[in-house]
Amino acid sequence: MQADFSYIIWIPGVLLASFLVVGLFGSKLKPMLSGAIATLAILLGMVLSYSAAFQYFLGKGLVDGTYQTFIPQNWEWLRFYDTLVIKLGVMIDPISIMMLVVVTTISSMVHIYSFGYMKGEQGFERFYAYLSLFSFSMIGLVIATNIFQMYIFWELVGVSSFLLIGFYYTKPSAVAASKKAFIVTRFADFGFLVGIFVLSYYTKTFDFQELMNPDNAAITNMTGISFMGMSVLSWALLLIFMGGAGKSAMFPLHIWLPDAMEGPTPVSALIHAATMVVAGVYLVARLFGLYVLHAPDALAIVAGVGAFTSLFAALIAVTQTDIKRVLAFSTMSQIGYMMLALGVSGYVGTEGLGFTASMFHLFTHAMFKALLFLGAGAVIHAVHSNEMGDMGGLRKYLPITHITFLIAALAISGIPPFAGFFSKDEILAAAYESNQLYFWTEWFVAGLTAFYMFRLYFNIFWGNNRAYEHKPHEAPFSMSFALIFLAIMTTIVGFIPFSQYVSPNLIPFETHFHWNIAIPSVAIGVVGIVVAALLYLKPKATADKMAKAMPGLYKLSLHKFYIDEMYVWVTHTIIFNSIARPIAWFDKKVVDGSMDGIAWVTNKVSDKTKGLQSGQLQQYAFVMIAGVVGLALFILYYLN
Amino acid sequence: MDKLSLLIWVPVITMIVMAFVNDSKVKWVGAIGATVQLIQSVLLLFSFFAARNAGDTSEMLFTTDIVWYKYLNIHYATGVDGVSIALILLTSIIVFTGVFASWEIKDRTKEFFITLYMLATGVFGFFISLDLFTMFLFYELAVIPMYLLIGIWGTGPKEYSAMKLTLMLMGASAFLLVGILGIYFNSAPDGGQLTFNFIEISKIDIPASAQYFFFPLTFIGFGVLGALYPFHTWSPDGHASAPTAVSMLHAGVLMKLGGYGALRIAVMLMPEGAQYYQWIFIILAVIGAVYGAFGAIWQKDLKYINAYSSVSHLAFILFAALMFNQVAFEGAVLQMISHGLITALFFALIGMIYSRTKTRNINEMGGLMKVMPVLGVAYFIAGFASLGLPGFSAFVAEMTIFVGAFQNDELFIRVATILVISSIVITAVYVLRAAGTMLMGAIKNKEFELLPDAHWYDKVAVFVLIAVIAGMGMFPNWLASMIYDGLSPMFERFVVN
């Protein structure tokens, strides 16, 4: 029996309606009413997503041992050729359902949380309008039936992200950060778009199902055409991955993410931790069949970029002092894990563990990272600062925030029984099967993660028991509610048997617990925590001494390996001063100058020759006679 | 009177009425005339669809054909298909919003509006003409008022800009006239009556030797108006000096005459010539697209930014016109409409902002979003539309061009397409830089705090344009297929030849 998922379209539908209502009339409504409209819309989306998940995973989805793909709606939006058509539709399969759950859950919690966090802010209704726009776009991306639909919503989440990072638009740093985020991801999307064109040039389709069809001859054909040492399919997939790397802040396109922390903290939790930044992972997962079966070289690059980014970001996170930036680098690092897991995954049966682990980690990470950000938001709300140096001893003032933050920190450090333990364990297992180097790198990063996370935790909640000018208050109920809800999720979602639901070839498989992986990974996590505790539990100067002992390394990490400076150099010295400025000059002086030059020459010539039109008969007669004589002489001479 | 000639007569009658009312009422007459014209264009669209649905498959609808000068076989021949209807709609929308955007004109109001309507008459005449000679006449009728409009009502070095613009466009007309006459004298290679009717000409094969000679003349002739690199320099200066409504009409519609002519006349009538010179003009178009975008980064004057952005976006049209691919051609027409709307919105907003702040230098502004939220939001919308955000018209047009162009089997053209695509990244840079500097941040100038937001007439212009841009961006298929079908008959002959 065909399952009916046609109601899924209501999720983006109500969110779009909410965006339009709040966006157009928000300034005339009471701020609270605007917030309530947007929150109701996303809560409805959450209910529908959960019911779809239950219906799909526990009932109608599995037919003959394979998860089915449903396309309840697919409208033609813009036709180019008979086969090249942009459609807008809904695609239901395990990963889209999973993402629906992630997006609506986190978004709902952020909506509720923001009632407290954004209370009294100017532009409260604008904030909720943007949230609705973002949620709508993100869901459109998730349920895309074809790669062009994905690109469309990809751009729309980009612009929502821009609007939300720049929410405090009178603050220059926020304006700069929003521009940076948009332009860097736009640059990455250029690769994505060209990748789509290359793919569609050979396959003549945008449709995911046709692209993934194993009998698609065009795909096999593409693997046979070589261009600069790789097949054109690998090129196309790499270009598409470039788009994914931009959104998911993979090295070297990561520079926008730390700056994006200028946005309000709930936004960081929603967009820059849980949902939009994993869109790149989702994109690779969406096309995973192409990568793994036809372009293993492209997939190997995905793995390499993921592994490198996870290490690179973790090294930076160790020295950052802005608590949101620590979390931002931690997000990069964790997304690196997900990319790596995809990169080392196979396709069939237990070989697909990497894929499953990546999706599992995406799911659990969304919960605990959103929780960390919202907890950080509660802390910032209480002490009005982002700097670790302004915090300390807050466990007494913010008990709920403290406990929930601790749960999330344990989860990300891979301590059982919290969610991160299970997903990280699977990723490490997949890496272990594939490449020892990746395994040991990620194992080391796991230790770093535990260290910087507990450095953060101890610095905020323990450490220096300072006297606060204004006694910090625990967050209001709306905020605590979201924290508690996500803490519960963080505690339980790790027990979901993910491989029963999500696998690369849609056929569930059994996983077993990997003791040989779990023991060393928990051990390094504990080591990280203990080191952090030794250094930061009590105010001590040891950490500073260590930093002084390794000034080079410390500075390199603190300045994020100077990647930003390189970008500034490229944009200012190369693009602005060496390209744009000379072009403007060239246009003014050379191109336009030659036009003016022609006019000038014409002018001068006419000035010099205007004497010929003197109006004096004698002169005319003289010229005429001279001409006649000259002509006569010429003819005579010529005839002779 | 037939439907199409009415499109010329309404602005003419409006001009006559304007001549007899006093200055304070002129703009109302203009508004009424523009509204009538807009309604008429929409009705024309409906009757076009009605005729098509009723099974009228003739290439041009609502045709009239009156002999005008028998010995040279010049006709007043009119007719419309999906392409020209789309451009007529564009023109009436821009004239309509342009009137409201010039509501504050105080100096010689009557003369201003009459000259503006003369320009509009020329544009409408151009789009309905099927006869190359009358088409050329209407083209000149549209170009000449520009000189007066910029020279009298402009700002800055207006005489210089007006003269430059006129001279360059007149120079281009000279090329064009030679091109058109060349087409005419080769329109009957097997003997028989020569003709100016381009539908008839498209059915015959102009000898290749003639095409090699006359194609570049015609293409450059139209290309100058379409800001073909390196003949684009009249446009930044011209736009910067022109009053608001003139910039809107000029960038919005007049420059589209160039693209329309380059596509319909130059390429479609002389495909072999086009094929022969394709690579040169593709290179020029690619340079225009990328160079215009980089040029815009360095500008500080809002109008210059938008003018260079137009150079970049108009190069997309010329690029697509050289693709010999029906989807890319369709994209060219979509881009004409989309760019027309977006650039008109930009110029309208720039005019409104300038009339308040008395400066167009972005570095002297800042934080205007707080002072004038309606105009600020509208500017951001224009910016997002311009950088090709999905949901707005430019995305549809650009993607149609890119998809069409990228289906070409020649590697050279695909590489050129990628280069053109790269310019949309740069677009994001200059759009956000300008909008961010001007609208966000703290208010730089204390005097700006008291500036008024949009008046009702500003809102009419801005909201209508935004609605159309968004409407086209969200529901593109009907327009796209109308244009595609409009191109089909000529394209099919073209493939056969």
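## The model

This is a predicted model, in which local features need pLDDT of at least 70 and side-chain atom pairs count only at pLDDT 80 or more. Residues are numbered from 1 along each chain, and chains are lettered from A in the order in which they are written.

Helix H5 (residues 147–165) of chain A packs against helix H16 (residues 393–406) of chain B. Helices are DSSP runs of at least four residues. The angle is about 140 degrees, and the axes are 13 Å apart.

Contact means heavy atoms within 4.5 Å. H5(A) brings A:Phe148, A:Tyr151 and A:Ile152; H16(B) brings B:Phe395, B:Met399 and B:Val403.

## Salt bridges

Side chains of opposite charge can pair when their charged atoms come close. A salt bridge is a side-chain nitrogen of Lys or Arg within 4 Å of a carboxyl oxygen of Asp or Glu.

In chain A, A:Asp93 meets A:Arg286 at 2.8 Å, N to O. A:Asp93 sits in a loop and A:Arg286 in helix H12, so the pair ties together parts that are 193 residues apart in sequence. Both are buried, meaning under 20% relative accessible area with a 1.4 Å probe, protein chains only.

In chain B, B:Asp458 and B:Arg356 have their closest N and O atoms 2.9 Å apart. This pair links helix H18 to helix H13, 102 residues apart. B:Asp458 and B:Arg356 are buried.

Definitions and conventions. Heavy atoms only, no water. Axes fitted to C-alpha atoms, helices over the stretch in contact; angles between N-to-C directions. Helix = DSSP H or I, 4+ residues; strand = E, 2+ residues; numbered from the N terminus. Buried < 20%, exposed > 50% of the residue type's maximum accessible area, 1.4 Å probe, protein only.
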